[in-house]
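Hi,

Here is the structure we talked about.

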Amino acid sequence: RKGEMAKSTQLIDNEVFRAYATYTAIVLLKMMLMSLVTAYFRITRKAFVNPEDTASFGKGESAKKYLRTDPDVERVRRGHLNDLENIVPFVGIGLLYALSGPELSTALLHFRIFTGARILHTFAYLIPLPQPSRGLSWAVGYSVTFSMAYKVLKTAWLL
Amino acid sequence: RKGEMAKSTQLIDNEVFRAYATYTAIVLLKMMLMSLVTAYFRITRKAFVNPEDTASFGKGESAKKYLRTDPDVERVRRGHLNDLENIVPFVGIGLLYALSGPELSTALLHFRIFTGARILHTFAYLIPLPQPSRGLSWAVGYSVTFSMAYKVLKTAWLL
Amino acid sequence: RKGEMAKSTQLIDNEVFRAYATYTAIVLLKMMLMSLVTAYFRITRKAFVNPEDTASFGKGESAKKYLRTDPDVERVRRGHLNDLENIVPFVGIGLLYALSGPELSTALLHFRIFTGARILHTFAYLIPLPQPSRGLSWAVGYSVTFSMAYKVLKTAWLL
């Protein structure tokens, strides 16, 4: 039982892996937050997509009018999808990067810049800030993931 | 060669990791099933989105009428996207959680509740069941992932 | 410090894991490329979704006309979402598969077929090629992930 515990905590004892775990948990929680923001806007804007969600507003026409799209809801949903498109590659490539033996300081630099960029991206999308705020924060996160992928391929290459 | 095998099966020998692998495979297979359900409804409802998909129905107007949205297809697609939004964080945070040295019984409790909640969520979405079935099953899965993230951050924290 | 490095590179020294890392980085980079293709079509087709993205085209009605959907943009976005739906299960199940101790040659076969199928799928979607090109390349990738999931469940099963 003890040997098992030791084995299971091997990776988590490694500092680079701990940093990866910390930043991955943070960006995934940030992404999960988008679900709550969507729900908040759906409820305050009364804009739903599933008929069963409007049942509490009465039956027939009175409820049907809440089955509509709302610009704020759609905006959050686009931000959420953009998170999926960018945070999934970060989590996948970041894991391989953390296992490819980078210096802790270099790894922290990558993880911190990515996380900061995605938090900025969310604010730029939701407020919204004028361009190129959103475009730049997207590009910074994208470049960090690209840089990690380069290190992974250089270290692991076996085609 | 033998040493390599031993190394490669180290993680998979750990019971918590085996439980993680089992439940992750199950929820990802469940998510993949949504593609088949979408295809089933697209074909039975004759509701397609790509012109090349309707070519077998003839040319011109006769095929064009099948380029349309269908409420059942859209419902499955929303369920599929909801899976992506919730199962991706589970898989990512769950891996870190499994490596953070939890008790097997605690880990199993998390994995079982999440998997059960997501299966219920799929039924609630597709049948559909009256609310709050879908909302509650979503919230249960969300809370499990949140609880695992808390354990990961407590164990690994290195900012 | 040295012991730590050794620990961190343990997995990456394993050949099956190196192959997994290589192909996962490749398919995730391919998925990330879809963002650039979307941006390319949005700019060349002048078809945007966020009002702040059209500010450089002037104010009022002159900019508003660029807030529209374009068939080419929507096609790339569907391809991107299909990547998310299929590459996420590959990355998650593939990691568990790589840790379940498969033969290197068998693992390479799985990773190569999946990667080839998804690259074909992208060309079939974007050109577009007549069906069943897209359908078949999708089904091949899907089957590879399914086969890996079977091996994972057989090796790790702990419910």
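L126(C) counts as partly exposed because its relative accessibility is 27% (buried is under 20%, exposed over 50%, partly exposed in between; 1.4 Å probe, protein chains only). The residue sits in helix α5 of chain C, residues 104-126 (helices are DSSP runs of H or I, at least four residues, numbered from the N terminus). Leaving out residues up to four places away in sequence, L126(C) touches M34(C), V37(C), R75(C) and V76(C) (contact: heavy atoms within 4.5 Å). Y142(C) is 16 residues from L126(C) in sequence and 19 Å away in space, C-alpha to C-alpha.

A word on the basis. This is a predicted model, where local features need pLDDT of at least 70, side-chain atom pairs count only at pLDDT 80 or more, and totals for chains, interfaces and linings use all residues. Residues are numbered from 1 along each chain as its sequence is written, chains are lettered from A in the order written, and side-chain values use heavy atoms, without hydrogens and water.

Now the interface. Chain C brings 40 residues to the contact and chain A brings 38 residues. The rule finds three salt bridges between chain C and chain A (side-chain nitrogen of Lys or Arg within 4 Å of a carboxyl oxygen of Asp or Glu). One of them pairs E52(C) with R134(A), at 3.4 Å, N to O. On the side of chain C that touches chain A, α1 (2-13), α2 (15-44), α4 (71-98) and α5 each supply at least two residues. The most come from α2(C), with 18 residues.

Best wishes
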